[in-house]
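Hi everyone, thanks for coming. Let me put the sequence and the structure up, and then we'll walk through a few places together.

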Amino acid sequence: MRTAVKFEEPAQAVNSRIRMKQLTRHIGAELFDVQIPDITRDEKLFAELKTLLLKHKVLFLRDQDITRSQHVEFAKKFGSLEEGHPNTDDDSGVVLLYKDNSSEGHYENSFHSDTSWRECPSMGSVLRCVETPEVGGDTIWVNMVEAYRELPDHVKENVRYLRARHGFEAVFGASKPLEVRHELKERFPDAEHPVVRTHPETGEEILYVNVFSTHFTNFHTPSRVRYGADYSPSASNLLDYLKSRALIPEYQVRWTWTKNSVAIWDNRSTQHYAVQDYWPAVRKMERATIAGDRTF
């Protein structure tokens, strides 16, 4: 039986030091007149930012001329950084997302939750824009709490106790040679998560399937499958439908990057999509990914 965590949203302080503008009804806020090094040094300022993050799920700041070490130091305020990503990263713990549309693997231009293929998926990310095209290269985030909340009741009842397998192989590994793909699969084995996960800090219920979700692991029960032929259309169609909830514009916010702009997002309750419409221009982003906890 799922036990929801009771969460009471802290009231915004009257003497708030962070000026912000909500960007859409369900997700996203832009912060003004504050610099990341100041937030890193000031515990009260960081606590205020953390409260805003839990409420709005993704926060944006512009004109953050910070070094990579300052980027990492700020991200570590949220917790330890993830290590060992199958994509390129450097010794600092930052994943380098340097590419144009000629780069191999258009894996980012699909709605996904970072590292849901881990047993303990990431808590969140801090993404910094190093270089951006004059036109194109936006990123979209989507509120998966709202995507679950507005599901029809009969669908909620059907998916509440389902679990799904998540793997990076079909996305990251598809273009790799067979032996490389198998080696990566051994290093990064598939994970299994509840289709409806609970946010460990807010108690919100979250629809937790994305491009890394390959199939349900406990769908084939007598109540759902009378004959083997029942499984494929019922399970695959349901999974496709749940994934499609991320496509609903009412749950989304779209951000146009500028150099030195930063996005901070809660990876547990959101998905995102990097729009690859900028060829032949180059887009250079650097991401610090904060390690998370086991899902429930």
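Asn260 counts as buried, because its relative accessibility is 16% and buried means under 20% relative accessible area, with exposed over 50% and partly exposed in between (1.4 Å probe, protein chains only). You'll find Asn260 in the loop between strand 12 (252-255) and strand 13 (262-266); helices (H or I, at least four residues) and strands (E, at least two) are DSSP runs, numbered from the N terminus. Asn260 is not a glycine, yet its phi is positive, about 70°.

A word on the source: this is a predicted model, where local features need pLDDT of at least 70, side-chain atom pairs count only at pLDDT 80 or more, and totals for chains, interfaces and linings use all residues. Residues are numbered from 1 along each chain as its sequence is written, and side-chain values use heavy atoms, leaving out hydrogens and water.

Now to Thr115, in the loop between strand 4 (94-99) and strand 5 (124-131). Thr115 also has a positive phi, about 55°, without being a glycine. With 2% relative accessibility, Thr115 counts as buried.

Next, please look at Trp279 and Pro280: a cis peptide bond joins them, with omega about 5°. Pro280 sits in the loop between strand 14 (270-274) and strand 15 (283-290).

Finally, the largest nonpolar core has 27 residues. Such a core is a set of buried Ala, Val, Leu, Ile, Met, Phe, Trp, Tyr and Cys residues joined through side-chain atoms within 4.5 Å. Among those with the most contacts inside it are Val159, Phe216 and Leu238. A second, separate core has 26 residues, including Phe46 and Ile290.
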